[in-house]
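Dear colleague,

I am passing on the structure below, with a short account of what was computed from it.

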There are 2 protein chains.
Amino acid sequence: MQSRPPVRALVFDVFGTVVDWRGSIIRECRALGKSRKLAVDWAAFADAWRAGYRPAMARVRSGELPWMSIDQLHRMILDELLVKYSITGLSEADKDHWNRVWHRLTGWPDAVAGLTRLRSRYILATLSNGNVALLTNMAKYAGLPWDCILSAELARHYKPDPETYQMAADLLGLRPEQVMMVAAHKGDLRAAQAVGLQAAFVTRPMEFGPERTPDLTPDPAFTINAVDFHDLAAQLGV
Amino acid sequence: MQSRPPVRALVFDVFGTVVDWRGSIIRECRALGKSRKLAVDWAAFADAWRAGYRPAMARVRSGELPWMSIDQLHRMILDELLVKYSITGLSEADKDHWNRVWHRLTGWPDAVAGLTRLRSRYILATLSNGNVALLTNMAKYAGLPWDCILSAELARHYKPDPETYQMAADLLGLRPEQVMMVAAHKGDLRAAQAVGLQAAFVTRPMEFGPERTPDLTPDPAFTINAVDFHDLAAQLGV
């Protein structure tokens, strides 16, 4: 861990870093499929839903699409998947409820305890591309103890646009170097560092399931490299 | 209590409704004055500081001043008061710390327990003219259990501008009538109702100290009239 100015706030990527989106989506879709007698590979369905998110967001970032929230992007992708998987007979309320499965994701096993420990010393905020309603509902559902919900929605810029990270520091009334971005994704961290934030890399080997291992290699360019939130807390001296 | 559609979120005015700004400011200023041997009527000082806030905000609302956060407005007023009260010899760090007394306000006696009770059923958010950093720091200091920090700063419009209330519903992903504004100030509630929010009036007879009684009369135009947050919870069936 290199020397650094004192951190006041930790801001967290959420999907994959705090919550197990894949496990949560598969679990709920499988239950839904069972009740409706749908024979679908729900792991593939979850992966396709998530895979649609980055290109949809890129269309917003490039200006091809107007500003749309992640709820709206998830719904656009879900509607395409329902056609692709020939799933019919759902009411608008059914589809809306299904789309909100992203509001009902649960944390990695260390998430709630690790965040609670970190919160005793630091301001904890989300800094996610998820919209405010999604993040607020998810926090209530999963018991995530945030001090503040910050979202790309508030900047109307998706990560990794620099405006998103700068907004977080500004809204918290801090200089960028007083804020540490925590994420399982190196691109997110590098973009935060480019704005002056500190960076903590937390590995989440199971984010994409057992068959695809993400990049887990520590990088000394990050302020901290940790294996979970307890390790992060220990390295921060909490 | 008149019949109403189901409420999903309660959004709270903070200064005066949740926290006792006057008592908190007097207490901290008095301690500071003692350590610096300043002979000042701190109750009058607190009242003058607060009294400067509305006209300063009006200058932002009218466009005379560019957007400024409450931290910035409080500082502008503090600087004037330091001159008026002939208080000298403070460093920039001293003044900044003093200005942040507004981040260190404490709740009315029923605030934490009442909010905790309400939070078991509803999404709880601030909807204050205080900036995000102020509200986040205050929540941590006073133990206020918000699900989400919403602020006029996010709309760049101060209450009672309608944009502020509409933003709260939009960011929570709710229709206005699914949101209830909670405040000790009727003007705030009427402005929220004009946008379609429900309204709960909670009286705070001591907001302005023992010598000035605010308007405490219930008004049947509000969805609920309550004497504190426990009464509000009871009337909401929590």
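The accessible surface of chain A comes to about 9800 Å², and 53% of that area belongs to carbon and sulfur atoms (Shrake-Rupley method, 1.4 Å probe). Please note that this is a predicted model, in which local features need pLDDT of at least 70 and side-chain atom pairs count only at pLDDT 80 or more, whereas totals for chains, interfaces and linings use all residues. Residues are numbered from 1 along each chain as its sequence is written, chains are lettered from A and ligands numbered from 1 in the order in which they are written, and side-chain values use heavy atoms, with hydrogens and water left out.

Chain A holds 11 helices and 6 strands (DSSP runs, H or I of at least four residues for helices and E of at least two for strands, numbered from the N terminus). Its radius of gyration is 18 Å, close to the 18 Å that the globule rule gives for 238 residues, so chain A is as compact as a globular protein of that length (taken over C-alpha atoms; the rule is 2.2 Å times the number of residues to the power 0.38). Of the 238 residues of chain A, 57% count as buried, meaning under 20% relative accessible area with a 1.4 Å probe and protein chains only.

In chain B, B:Pro162, B:Tyr165 and B:Gln166 of helix α9(B) meet B:Asp188, B:Ala191, B:Ala192 and B:Val195 of helix α10(B), where contact means heavy atoms within 4.5 Å. The residues of this contact divide into 5 nonpolar, 1 polar and 1 charged.

Best regards

Note on methods. Nonpolar A, V, L, I, M, F, W, Y, C, P; charged D, E, K, R; others polar. Buried < 20%, exposed > 50% of the residue type's maximum accessible area, 1.4 Å probe, protein only.
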